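Please read the points below alongside the coordinates.

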Amino acid sequence: MEIRAEMVANVWKVLVSEGQQVQDGDTLVILESMKMEIPVVAEGSGVVRELKVAEGDVVQDGDLIAVIE
Amino acid sequence: MSNEPQTDPRSPVVRLTTLFDPGSLELISPIDDCGMLAGIGTISGTRTVAFASDATIQGGAMGSVGCSVVVRAYDRALLEGAPIVGLWHSGGARLREGVESLDGVGRVFAAMTRASGKIPQISVVLGPAAGGAAYGPALTDVVIMAPAGRIFVTGPDVVRSVTGEDVDMERLGGAEVHGRRSGVVHLVADSDAQAFEYARELVTLLGNHGKFGDVPIVDVDLAGCIPDAAKRAYDVHPLVEGILDSPGVELHPKWAPNIVTTLGRLGGRTVGVIANNPLRLGGCLDTTSAEKAARFVRMCDAFGIPLVVVVDVPGYLPGLGQEWDGVVRRGAKLLHAFAEAVVPRITLITRKAYGGAYIAMNSRALGATRVLAWPGAEVAVMGAVAAVRILHRRKLAEVGEALRPSLELELAAEHEKISGGIEKAVALGVVDEVVEPSRTRTAIAEAIAAAPAVRGEHGNIPL
């Protein structure tokens with residue numbers, strides 16, 4: 001399952017690491033945009049196979065944030 | 001009709017019987033092979049007209065005679081001022097009849113449009129609904145999709161032969177497509193039984209101008225529904241449910257989730273709630289959420305349903321994608337919808353309302369009946385810190401990096417006092433009253449009760 005950015009944003013906090021087990025609804029990353037902290041949540045349970053962002057990165061709309069298997 | 005119309009679960013008699021209150025169905029068209037059946041009955045006591053396509057004959061294809069059955073059902077519903085429910089399972093116009101069936105389908109569309117905004121129209125898609133049978137539901141107020149429901153203009157076979165694209169019915173027009181991506185479907189049901197239950201609930205909420213017996217308002221403290229930190233995102237659903245007597249029916253829950261549109265009851269009366277959801281896209285307005293909300297506002301206005309607008313919005317979503325998608329044109333629909341609406345419409349600003357999105361979310365200037373705000377709410381062109389970064393750019397550049405953050409905060413506090421604070425908004429008259437979260441339900445209900453019960457005179461074009 002690919003988790004993608006819904007909007008242009010700064011990556012404020014990364015809360016998971018590759019190989020970590022996550023549950024549906026867990027917050028993976030917190031983005032910062034439009035003066036708001038916007039959580040990016042897992043839309044299913046699994047293991048974080050890839051994590052494509054680091055704190056301080058800028059993501060564009062549609063950019064890959066993580067892959068969960 | 002097929003040989004065993006009473007036992008085939010696809011039979012229109014069986015489906016209409018399931019929809020209505022037990023024993024209340026009275027057929028208003030003959031049982032024959034025209035492919036459509038219409039009846040009148042009650043739904044939780046509300047007199048309602050319904051029609052169903054007959055999936056047991058030619059896959060429910062619509063012929064000229066069957067289309068006349070639907071048109072007559074519409075005439076009857078308009079005459080009685082009753083809601084109308086369509087049960088769809090149809091491949092579209094009957095091929096064999098040629099242009100005669102197309103003419104019939106066109107007459108159905110015209111009947112639906114004549115009734116638009118006058119009586120609530122609800123569609124339940126129980127099986128494939130293609131071509132004319134796709135646009136039929138699309139012209140109505142609310143579309144409900146059952147698990148076997150599929151909606152598309154052209155089926156997989158035609159798509160394959162014309163473009164070579166290989167897709168199945170579900171990918172072309174299933175629940176995932178229309179519930180999440182296209183916005184064609186308002187409600188996706190887990191079972192046929194749930195689809196019928198949704199239709200019954202909506203008839204009750206939208207019928208009879210949403211009037212019910214009075215239920216005393218019990219105030220609850222809603223403050224806990226939003227976080228203390230101003231930048232923290234949260235799910236607005238608990239707040240919406242807290243305002244309503246009971247959870248209500250959320251339309252389009254997965255499409256444009258950054259705005260929530262829910263029909264429910266407050267003090268026993270139907271209301272439509274529109275709420276920014278900061279959990280998604282920070283609660284920003286964008287092209288799809290503006291269109292979704294605009295259509296909901298116009299539907300509620302047409303049926304005399306008061307609006308409760310819960311505002312916590314950082315702005316319109318900026319960027320290339322939005323501009324190219326027509327955020328100016330599509331966002332304007334929400335401005336138009338609110339400014340045009342005559343039903344009581346109450347705004348509650350919980351945390352912040354910035355910029356153009358402040359105006360769009362049923363502001364005083366657009367004609368809000370009453371604008372309420374929670375203590376500490378911010379109404380401004382933009383956030384105070386962002387504003388002073390522009391207004392005091394030079395001053396901030398001069399002080400150097402070490403002192404800049406503290407100066408920013410100092411200037412922001414000062415700026416808030418003179419331009420953005422809620423006291424200023426009250427003094428200007430753009431906010432009528434600062435209410436405590438613990439008194440909010442009463443304040444909203446009183447404002448609705450004090451306004452005249454009127455309804456907009458316009459159709460509900462599927463924006």
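1. B:Asp166 is exposed, at a relative accessible area of 61%, where buried means under 20% relative accessible area, exposed over 50% and partly exposed in between, with a 1.4 Å probe and protein chains only. Its salt-bridge partner is B:Arg160, and the closest N and O atoms of the two are 2.9 Å apart; a salt bridge is here a side-chain nitrogen of Lys or Arg within 4 Å of a carboxyl oxygen of Asp or Glu. B:Arg160 is partly exposed, its relative accessible area being 36%.

2. On provenance, this is a predicted model, in which local features need pLDDT of at least 70 and side-chain atom pairs count only at pLDDT 80 or more, while totals for chains, interfaces and linings use all residues. Residues are numbered from 1 along each chain as its sequence is written, chains are lettered from A and ligands numbered from 1 in the order in which they are written, and side-chain values use heavy atoms, with hydrogens and water left out.

3. How many salt bridges does a search of the whole structure find over all chains? The search gives 25, and one pair to inspect is A:Glu6 with B:Arg280, whose closest N and O atoms are 2.7 Å apart. This pair crosses between chains, running from the loop between β1 (2–4) and β2 (9–14) of chain A, which holds A:Glu6, to the loop between β11 (269–276) and α10 (287–302) of chain B, which holds B:Arg280; helices (H or I, at least four residues) and strands (E, at least two) are DSSP runs, numbered from the N terminus. Both ends are partly exposed, with A:Glu6 at 38% relative accessibility and B:Arg280 at a relative accessible area of 27%.

4. Within chain B, B:Arg47 forms a salt bridge with B:Glu80, and here the closest N and O atoms are 2.7 Å apart. The pair links distant parts of the chain, since B:Arg47 lies in strand β3 (residues 46–53) and B:Glu80 in helix α2 (residues 64–80), 33 residues apart. B:Arg47 is partly exposed at a relative accessible area of 37%, and B:Glu80 is likewise partly exposed at 35% relative accessibility.

5. Chain B has 18 helices and 16 strands. Buried residues make up 56% of the 463 residues in chain B, and residues 24 or more positions apart account for 71% of its contacts with a separation of 6 or more, contact meaning heavy atoms within 4.5 Å.

6. Chain A has 0 helices and 8 strands. The radius of gyration of chain A is 11 Å, close to the 11 Å that the globule rule gives for 69 residues, so chain A is as compact as a globular protein of that length. The C-alpha trace of chain A spans about 30 × 15 × 15 Å along its principal axes. Of the 69 residues of chain A, 43% count as buried, and among contacts between residues at least 6 apart in sequence, 54% join residues at least 24 apart.

7. Helix α18 (residues 440–450) of chain B is mostly covered, with 8 of its 11 residues buried. Among the buried residues of α18(B) are B:Arg441, B:Ile444 and B:Ile448. The cover over the buried residues of α18(B) includes α9 (237–243), β10 (259–266) and β12 (307–313) of chain B.

8. Two backbone angles deserve a check. B:Gln58, which is not a glycine, has a positive phi near 45°; B:Gln58 sits in the loop between β3 and α2 of chain B and is partly exposed, with a relative accessible area of 39%. B:Asn362 also has a positive phi, of about 55°, although it is not a glycine. B:Asn362 is placed in the loop between α13 (355–360) and β14 of chain B, and is buried, with a relative accessible area of 0%.

Key. Rg over C-alpha atoms; globule rule 2.2 N^0.38 Å.
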